[in-house]
Amino acid sequence: MASLAHSGPLTSPEFNFTATMASVSLSSRLNKAVRQQYMSLPQGDKCQVTYIWIDGTGEGLRNKTRTLDRVPKSIEEIPEWNFDGSSTNQAEGSNSDMYLIPVRMFRDPFTLDPNKLVLCEVLKYNRLPAETNHRASCNKVMEKVKEHCMWFGMEQEYTLFGIDGHPYSWPQNGYPAPQGPYYCGVGADNAYGRDIVECHYKACLYAGINIYGTNAEVMPSQASWEFQVGPCEGIEMGDQLWVARFLLHRVCEDFGVVASMDPKPMKGNWNGAGCHTNVSTKQMREEEGLQYIEQAIEKLGKKHDKHIRFYDPNGGKDNTRRLTGLHETSSIYDFSAGVANRGASIRIPRQVGQEKKGYFEDRRPAANCDPYAVTRIIASTCLLESEEEEEEIK
């Protein structure tokens, strides 16, 4: 990321509207009218299927496309495939083939019906889950606790950057005005990149993602945006969020910018980026469910350090930069809970406190977390009664 010399906020009209913007990619400047000419061509009875998977970083997504002779009606009609794991940080070159196992299918908002996007699990040559395939262990937990009808909703914050590594719309040699007007803001001086946000929203709806909403966030161009996915039950939470992330990266590619999930994209007095996770069981949603919320929070507090290790892909190191106790975060070293408290580890929404039923919000997961890892450990901590049960599903 480019270093920025800070000489204080620059807020003059000349600064706001004539500053050099972050660079966009060359491919985004290609003639899209020419592209549309080809995209509108008929494709007969054939179907394009884009396979999507998580790479060896545990954060990156990869994809490739093949043709099927007919439109698949279910995930079972999509064949397994393979890829070169040595090129994705997942295998040695001498034994590089890895399996792609289709697990969930979506409509393709880029090449349109009847084409499909397919999320896949990755298996190694011996058909065991790859190291960054946390879906396999998550699914075991979700099957074990399915009687509780556990719902999740995850709030994905992200930051837009130019391809030069500079925050999109920030001045090249300074900082924007301090935080304040950007959260849920409107206007050219407060909201940056709204085209991307609205296109992503539509893409999610077309694909079949259970997107709940979106809003501008606190830091300017963080993209000062977040989107929420859910409620989703069990394993579907991770499936839907990963594909929603893929759609975001793909939309940003068309616009020539980059979406970053870094938990603290800019040092200093700027908010970080989280993936707040809302949790509810059937008992919590029923009358007097608050007691079950409180029981779950007590269990979470006893395993705070363990959860921190699962809440970013680097064992808590990424979240150390974000969970400082400032900027609407709790300290990474302490566990806390409170009603309507955005500075706590766990927030109980005010309405939940009043109605004595509903859900709680775990504010600790980082923006770059693996939703499978997060939902898995929350489910096991809150609902599995013993360490032995947790060990069984590892």
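Start with helix H4, residues 194–207. At 1.5 Å a residue, its 14 residues should span 20 Å, and the end C-alpha atoms are 20 Å apart, which agrees. The expected span is 1.5 Å times one less than the number of residues. Helices (H or I, at least four residues) and strands (E, at least two) are DSSP runs, numbered from the N terminus.

A word on the source: this is a predicted model, where local features need pLDDT of at least 70, side-chain atom pairs count only at pLDDT 80 or more, and totals for chains, interfaces and linings use all residues. Residues are numbered from 1 along each chain as its sequence is written, and side-chain values use heavy atoms, with hydrogens and water left out.

**Stop 1: around H4**

Which residues of H4 are buried? Select Ile 196, Val 197, His 200, Ala 203, Cys 204 and Ala 207. Buried means under 20% relative accessible area, exposed over 50%, partly exposed in between (1.4 Å probe, protein chains only). Now look down the axis of H4: the buried residues fall within an arc of 130°, so they line one face of the helix. The arc is taken from the directions from the helix axis to the C-beta atoms. An α-helix has 3.6 residues a turn, so residues three or four places apart point the same way.

Next, show what the buried residues of H4 pack against: E4, strand E6 (151–161), strand E7 (211–216), strand E8 (225–233) and helix H5 (236–255). Then turn to the face of H4 away from its buried side, where Asp 195 and Lys 202 are exposed. Just after H4, click Gly 208; its phi is positive, about 105°.

**Stop 2: an open sheet**

Select the 5 strands that form an open sheet in the order E2-E1-E5-E4-E3, with mixed pairing. Two strands pair if DSSP finds at least two bridges between them. Strand E2 (61–68) and strand E3 (81–84) stand at the edges with a single partner strand each, so one side of each has no neighbour in the sheet. Neighbouring strands of this sheet are turned by 40° against each other on average, direction ignored. For such angles, axes are lines fitted to C-alpha atoms, for helices over the stretch in contact, and angles run from 0 to 180 degrees between N-to-C directions.

Move to strand E1, residues 47–54, where 7 of the 8 residues are buried. E1 runs antiparallel to E2, joined by 8 bridges. Find Ile 52 opposite Asn 63 in E2. The two strands form a hairpin with 6 residues between them, and Gly 58 in the turn has a positive phi of about 80°. E1 also pairs with strand E5 (residues 116–123), in the parallel sense over 4 bridges. There, Tyr 51 stands opposite Val 118.

Pick Phe 83; its bridge partner in E4 is Met 98.

**Stop 3: Ser 260**

Ser 260 is found in strand E9, residues 258–260. Buried or exposed? At 16% relative accessibility, Ser 260 counts as buried. A polar atom of its side chain lies 3.1 Å from the backbone nitrogen of Asp 262. Leaving aside neighbours within four places in sequence, Ser 260 is in contact (heavy atoms within 4.5 Å) with Tyr 158, Thr 159 and Phe 161.

**Last stop: the whole protein**

Zoom out: the protein has 12 helices and 13 strands. Of its 394 residues, 52% count as buried.

Note on methods: Polar contact = N/O pair within 3.5 Å; in protein donor to acceptor, adjacent residues only side chain to side chain.
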